[in-house]
Structures are given as C-alpha cells and as structure tokens.
Amino acid sequence: MKVAIDVHGGDRAPNEVLKGVLEAAKEVPPDSLILVGKPELIQNTLGKEGKHFPIVEAQEVISMEEPPVRAVLKKRKSTITIGIQLVQKGEADAFISAGSTGAVVAAAQLYLKNLVGIKRAGIASPYVSEKGHCLIIDAGANVNCRPIHLLQYAFMAKVYGQFAFGWTNPTIGLMNIGEESTKGNELVKETYRLLRASSLNFIGNIEGQDLAKGVCDIVLCDGFVGNVILKLTEGLASSLLAMACQEVLDKTASNSQGTDKQIQGAFGEVSKKLDYEEYGAAPLLGVRGICLICHGRSSYRSIQNAIRLAFQLKGVNEQIAQEIEQMQIPL
C-alpha cells in the first residue's frame, strides 16, 4: 500500500502535514508514504528524517481561491495534479490533501475517472451525532444530483462504512423538508422511490433536526445541501461551545481552581467529539483510486488519521464496484 500526501495543501502546510507524516510513520513503513511537493523545502523541514521518505517533485500549489477546474488544467505541476497522477499510474494507491477540495475533485475526475458503472463521484463526510457519528453524502462534489446519483451514493457509503467503521447493515435516511414521501422536490421524491424499492436499509425521509440525534448512519443529499449543512454546523458548534464554556466559567468564578479545570476538561471532551480531526478526512467515493480530502485547517492529527484511514480502505473500490454491478435499479 502506497499513499501520496500533498505536502503543501492546507492553511497549516507544510509543517503540520509533515508532522502528521512523521507520526503516521510510527505505525506504517515510511517508504509507503510518498511526499509530493518541493524537495528542498521538505528536506530542510524534515532534516535527517527526510531520507526515509520517497519524495516526488511538484513545484506548483493550487490555492483555495483559484477556480478549481481552470487551476488543475493550468497548473500541471501542482501537488494535487502530480499526486492524483501517481494514483492514476499505479505508483500510489491513495492520495491525501488538505488543499482545495474543488481541485482534488476536478483532478480526480480528469485523471482517475469513475469506477465502472458509477455515474458521479461523491464526498462522504463524517458528521457527529448524539449516538456517535453518521456520514453525509454528498458533501460538495455534485450540486446537480439526479436520483440515480443519490442511489449509488447510498451503496457506496454503505461499503465505505464497512471498511471505515465496521458497519454491517447501516441505516439510510434521505434529507428532506418533511418525513412524508410526498414532501420535497422531484429529486427527493424519485430518490425516495428508488431507495424504498432497493435492498438498502432505508428508513425514509429525515429532517434537519434529525441529524444531531443520530437517527441513521448515512444521510443522503445533493452536494449543495450537504456542504451548507457541514459549514453551518461547524460554525454554530464552535460558537455555541465557546459561549457555553465561558458562561459556566463565569458563573463558577468563585469556586476552586480544581473545579474550573474539571469544567474545562468536560468541555474539552465534548470539543474532541466535535473535532473533525478525529476522523482524518472525507473520501471522494466513486473514482478509480482512494482520494481523501482533509479540512483546510488540518493539524498533524488530521493528516495522521487520514493516513491511517487510507490503509483501512485497501480493497474498498473493488467492493464498491461489486455492489454497483449487483445493484438493481427499479423501473
């Protein structure tokens, strides 16, 4: 298993990315981690540790602000393009980047193509709930979904859940504005029909408030809705947690220092559960290769966990292809 890592992707690159690589190298062979970036900078940052890792040169970096498709076509020597091409050529099995999500998706579509039978690739992002976590798919790769896309997302997420979380028969919910099958637009109505007639463990429509309750394992929605959900939740959770922590500390200001530390510790545990870095990355499912997209603000822990996840996913695409081949589309 070989994993290519975008050394320059993300707000905290390259230092945090390389630190994550060093931590991961305590668990996997260093020569299985291919560093994609500027060799001199990588060697200077890693020092004597750098000799243990293969380095592939890529002198260009695609920024978050650049139009993804145009940047991928223009910057042929970017870390994202070179990293994806390593997977295309079979020199790497997986690619990890905390850089531009749009650029990773565009490069994967351009160079890797989709698995046989897959109509559109989708991002499966972990979402924290009262019962642990669920997966939201799609989280931003496909804003113009068709019912067949959502049906295939359900099958792909089911397989991914088996590899990543050990799920055997995950429950699947369809994001809608009401529980009734007659609610929603034509996309969700037709998708509901397809899911109900499939072999999947479909529980029906769910609403926004159901996400945090953990009513299902896999949440289906188009990429526009999924991306809004994730970013709204991230911002809201961060703000509410900070306000709640400060409020409690203010009201217990007269208590002992030990009590303050206990309160901060409790909020720290909640914050850990909400931390995207615990899950490492979100996979782009449906392409010929493993593509893992980390948060743009990822620290070394996220990179380390993403590398660990990449090794867990060995064989996932073969299983997805088998599921899609056996999938029957109701007429």
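Strand 2 (residues 33–37) is largely enclosed by the rest of the structure in this predicted model, because five of its five residues are buried. Burial here means under 20% relative accessible area. Both faces of the strand are covered. Leu33, Leu35 and Gly37 are buried on one side. Ile34 and Val36 are buried on the other.

Strand 2 pairs with strand 1 (residues 3–6). The two run parallel and are joined by four bridges. Within this pairing, Leu35 of strand 2 is the bridge partner of Ile5.

The chain leaves strand 2, crosses through helix 2 (residues 39–46) and reaches strand 3. This β-α-β crossover is right-handed.

The axes of helix 1 and helix 2 come within 11 Å. They cross at roughly 60 degrees, and the crossing is right-handed. Helix 1 contributes Asn15, Leu18 and Leu22 to the contact. Helix 2 contributes Ile42, Thr45 and Leu46. Of the residues in this contact, four are nonpolar and two are polar. No charged residue takes part.

How values were computed. Residues are numbered from 1 along each chain as its sequence is written. This is a predicted model: local features need pLDDT of at least 70, side-chain atom pairs count only at pLDDT 80 or more; totals for chains, interfaces and linings use all residues. Side-chain values use heavy atoms; hydrogens and water are left out. Buried means under 20% relative accessible area, exposed over 50%, partly exposed in between (1.4 Å probe, protein chains only). Two strands pair if DSSP finds at least two bridges between them. A crossover is right-handed if, with the strands pointing away from the viewer, the path from the first strand over the helix to the second runs clockwise. Axes are lines fitted to C-alpha atoms, for helices over the stretch in contact, and angles run from 0 to 180 degrees between N-to-C directions. A crossing is left-handed if the near helix is turned anticlockwise from the far one by less than a right angle, and right-handed if clockwise. Contact means heavy atoms within 4.5 Å. Ala, Val, Leu, Ile, Met, Phe, Trp, Tyr, Cys and Pro count as nonpolar, Asp, Glu, Lys and Arg as charged, and the others, Gly among them, as polar.
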